[in-house]
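This report describes how the parts of one protein model meet. Please examine the sequence and structure shown below before reading on.

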2 protein chains.
Amino acid sequence: MRCATVTAMAFDDIEPLTVPTPALLFDLDGTLVDSVYQHVIAWQEALFEVGIPLSVWRIHRRIGMSGGLFLQALQRETGIALDADALRQLTTLHAEAYLRRASSVVALPGARELVAHLSERGVPFAIATSGARRTAASALDMLGVPEDVPVITRDLVERAKPDPHLFLAAARQLDVPPQQCFVVGDSVWDLLAAQRAGSLGVGLLSGGYGREELQAAGAYRVYNDPADLLAHLEEVGVRPAL
Amino acid sequence: MRCATVTAMAFDDIEPLTVPTPALLFDLDGTLVDSVYQHVIAWQEALFEVGIPLSVWRIHRRIGMSGGLFLQALQRETGIALDADALRQLTTLHAEAYLRRASSVVALPGARELVAHLSERGVPFAIATSGARRTAASALDMLGVPEDVPVITRDLVERAKPDPHLFLAAARQLDVPPQQCFVVGDSVWDLLAAQRAGSLGVGLLSGGYGREELQAAGAYRVYNDPADLLAHLEEVGVRPAL
């Protein structure tokens, strides 16, 4: 056994250990804005228009993953084959049905305060959403997200959640390694994508998933909503201001 | 130790063991009809009208418990005191908002077939719902529930779920001991009430709760929806027809 060098090493020989302050990568729908149920109803309406009645809970469980993957899962579960035209039509119908309801969407408790707090403190953060720029724009306004915060939408990357592309692109935009980021999301797909990206995941209950599901998908911590996360920011490495 | 009588007892001395075929006690919203999201949105609208904005997920997690308990939990969580008048107003506003949406409510997959199958086979079953008779009536029509099936609504008992009164009253109407009943519901409140009643609980995912939550609330089995339960009826003691 050659352990002499180890035992002989004094602590003051070791370079001081530094752990950088983490950056935060946020999902949008269900995480910062209370829009999941509007998306669910919009998908149900779109599917009904093309003759596919689907139970609401099955749609809810798919919200937050990419529209493409959602439709693929749908084909598998219903046995209905959708061609490229039908897929395009469904995506358009969903966006239209959502925009008709967008005026009833509000910020989740604490979301505006969290955005303001991180901005003031200079904590790097970004938004990474499976939604399209078109449906995300009004939510970003409502939250007061500053102009210089990176916003990665579905149209900017090759694959959406649970693939890690959205979060990897957001981390790159911040110029922070993904391993140094916390991903904050409300759905199982966010947390699975976080693991793929090499980040720790923080789950919020505000999208309607249960605590146990988020934990089973690998959440490092679970909070109720943005207000609850803001009250516990030190648990994700954001120290209180001195 | 006096165990001689036990060891001496031969098997043919014992009276033949009979386990009676169970009866089924069904919740309605989210269990047989796809109406949970309409109830959620109706509560959000009613609360907004009296100046209480509440995140949708918090409402969803309370659906299926009695309206009274829901409002009590709400007072605790928001710190807003509601007097008896405000409570009555909220209940009325919710019922009106729900009825405006009732036309979009459909039966869950397999629900009509399950009702028809149990009726044909002569398996005793009843409906026990936290809802009022007024909001439940159209759902019962839609499902083709025969006239002689007992329907216990909120207005017929002193306390709603998670108190056991609704299920105990339903079992009494069927003249079957509650210990011989399976309670079938989609929410944590159904399963807690089932335990209080001394019945085994069967959870369905069709109300939007996750499998893990239903298991944690004591579900004996969990199925996707009524169609999935119908396909596995032998697991709750209803043998295939010979």
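## Between the two domains of chain A

One salt bridge is counted between domain 1 of chain A and domain 2 of chain A; the term denotes a side-chain nitrogen of Lys or Arg within 4 Å of a carboxyl oxygen of Asp or Glu. Five residue pairs, both at pLDDT 80 or more, are in polar contact between domain 1 of chain A and domain 2 of chain A. A polar contact is a pair of N or O atoms within 3.5 Å; within protein, one must be able to donate a hydrogen and the other to accept it, and residues adjacent in sequence count only if both atoms are side-chain atoms. On the side of domain 1 of chain A that touches domain 2 of chain A, there are five nonpolar, five polar and six charged residues. Here Ala, Val, Leu, Ile, Met, Phe, Trp, Tyr, Cys and Pro count as nonpolar, Asp, Glu, Lys and Arg as charged, and the others, Gly among them, as polar.

## Basis of the description

The model is predicted: local features need pLDDT of at least 70, side-chain atom pairs count only at pLDDT 80 or more, and totals for chains, interfaces and linings use all residues. Residues are numbered from 1 along each chain as its sequence is written, chains are lettered from A and ligands numbered from 1 in the order in which they are written, and side-chain values use heavy atoms, with hydrogens and water left out.

## Extent of the domain contact

Domain 1 of chain A comprises 23–34 + 106–235, and domain 2 comprises 37–104; such bounds come from an automatic or database domain assignment. Taken over C-alpha atoms, the centres of these two domains are 23 Å apart.

Between them, domain 1 of chain A and domain 2 of chain A bury about 1,400 Å², with 51% of it on carbon and sulfur atoms. Buried area is the accessible area (1.4 Å probe) that two parts lose on being put together, summed over both. Within domain 1 of chain A, the residues losing the most area to domain 2 of chain A are R134(A), T135(A) and W189(A), together 35% of what that side buries.

## Between chain A and chain B

Chain A and chain B bury about 1,800 Å² between them, and 56% of this lies on carbon and sulfur atoms. Y37(A), W57(A) and E212(A) supply 36% of the area that chain A buries against chain B, more than any other three residues.

Two salt bridges are counted between chain A and chain B. D225(A) and R58(B) meet through their side chains in a salt bridge (3.5 Å, N to O).
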